[in-house]
Structure formats: C-alpha cells, structure tokens
Amino acid sequence: MCNSSVLLIEIECKHCTTHFYICRACYSGQVYCSGKCRNEAYAEAHRKSQSNYRKSYKGRKKNRINAQNRRRIDKNKKNKKTVADESAFPPSFRVILYPILSNTMPRCSFCGAFGKVVDAFPPR
C-alpha cells in the first residue's frame, strides 16, 4: 500500500471513459480502469483486425476453404440437438476496487491510498 503523502493523477479509461485516480507506486502506464475493460478493448481490436483480414484476398480465399470444409463435415453429421447452457457464462460487470465518490478525498483506484491530485508526476 502507498504511503500517506501520495500524489495521484486522474486518467480516463480508453474503453468505458470512466475517470479513475492512480498513484505513482501503482502506475505502470495504465490506460484502462480494470482488467475487464482491457480485455474488452483487446477483443474489440482483434475483431476489427480480423474483419480487415477477412476482406483481403488471402482472407476471402481462406474463408472459402473453411466454408467448404464445414459443409463437407455437416453432410456427414446427423442432426444433433444441443442445449445451450447459459449458466456457464456469468453476467458481465466492471470492477473498480475504489471508485471515485463525490465529496471525498481522491484515492488510488488500485491500492486505495488517499492523496493529492496533480496533472503529472514530478520527476524523481
């Protein structure tokens, strides 16, 4: 945990645009408020790059081959009915350990240390 005379900076999450504070001890270049936001943003970027790949000549060719293989496999399969188990996927939520509350001293979102907000950390 950080000490009592802590300097904090305010950062806006690049995914959900939530503002959060972080101290120098916890700061290591974060741009996301939580691991959940980071994973969602990475998945979104991956979907976008996959979409661009699928639009290229090489991606369209690969998709044709895969579709042909799927059709070939589906011909050999008998109709199987499966039950989708929705309980396997828990509801999604964002976890910020120490959210910003109005009328309180700012605190680090990761370690919970109270401190003073500055625009940038001073050089060591």
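Analyst: Helices (H or I, at least four residues) and strands (E, at least two) are DSSP runs, numbered from the N terminus. R72 sits in helix 2, residues 57–76. This is a predicted model: local features need pLDDT of at least 70, side-chain atom pairs count only at pLDDT 80 or more, and totals for chains, interfaces and linings use all residues. Residues are numbered from 1 along each chain as its sequence is written, and side-chain values use heavy atoms, with hydrogens and water left out.

User: How many helices and strands does the chain have, and what pattern does the chain follow along the sequence?

Analyst: The chain has two helices and three strands. In sequence order the pattern is β-β-α-α-β.

User: Why is R72 called partly exposed?

Analyst: Buried means under 20% relative accessible area, exposed means over 50%, and partly exposed is in between (1.4 Å probe, protein chains only). The relative accessible area of R72 is 45%, so R72 is partly exposed.

User: What makes a patch of positive charge, and which residues gather in one?

Analyst: Patches are made of residues with over 30% relative accessible area and no salt bridge; like charges are joined within 9 Å, and nonpolar side chains (Val, Leu, Ile, Met, Phe, Trp, Tyr) within 5 Å. Lys and Arg count as positive and Asp and Glu as negative, while His and the chain ends are not counted. The place of a charge is NZ of Lys, CZ of Arg, CG of Asp or CD of Glu. On the surface, R70, R71, R72 and K75 gather in a patch of positive charge.

User: How do you know that E40 forms a salt bridge with K36?

Analyst: A salt bridge is a side-chain nitrogen of Lys or Arg within 4 Å of a carboxyl oxygen of Asp or Glu. For E40 and K36 the closest N and O atoms are 3.6 Å apart. One salt bridge is found in a search of the whole structure. Both E40 and K36 lie in helix 1 (residues 35–55), four residues apart, about one turn of the helix.

User: Are E40 and K36 buried or partly exposed, and why?

Analyst: E40 has 25% relative accessibility, so E40 counts as partly exposed. K36, with a relative accessible area of 30%, is therefore partly exposed.

User: Where is M105, and which residues does M105 touch?

Analyst: M105 is in the loop between helix 2 and strand 3 (115–117). Contact means heavy atoms within 4.5 Å. Leaving out residues up to four places away in sequence, M105 touches F114 and G115.

How values were computed:
Areas by Shrake-Rupley, 256 points an atom, 1.4 Å probe, with all protein chains shown as cover.
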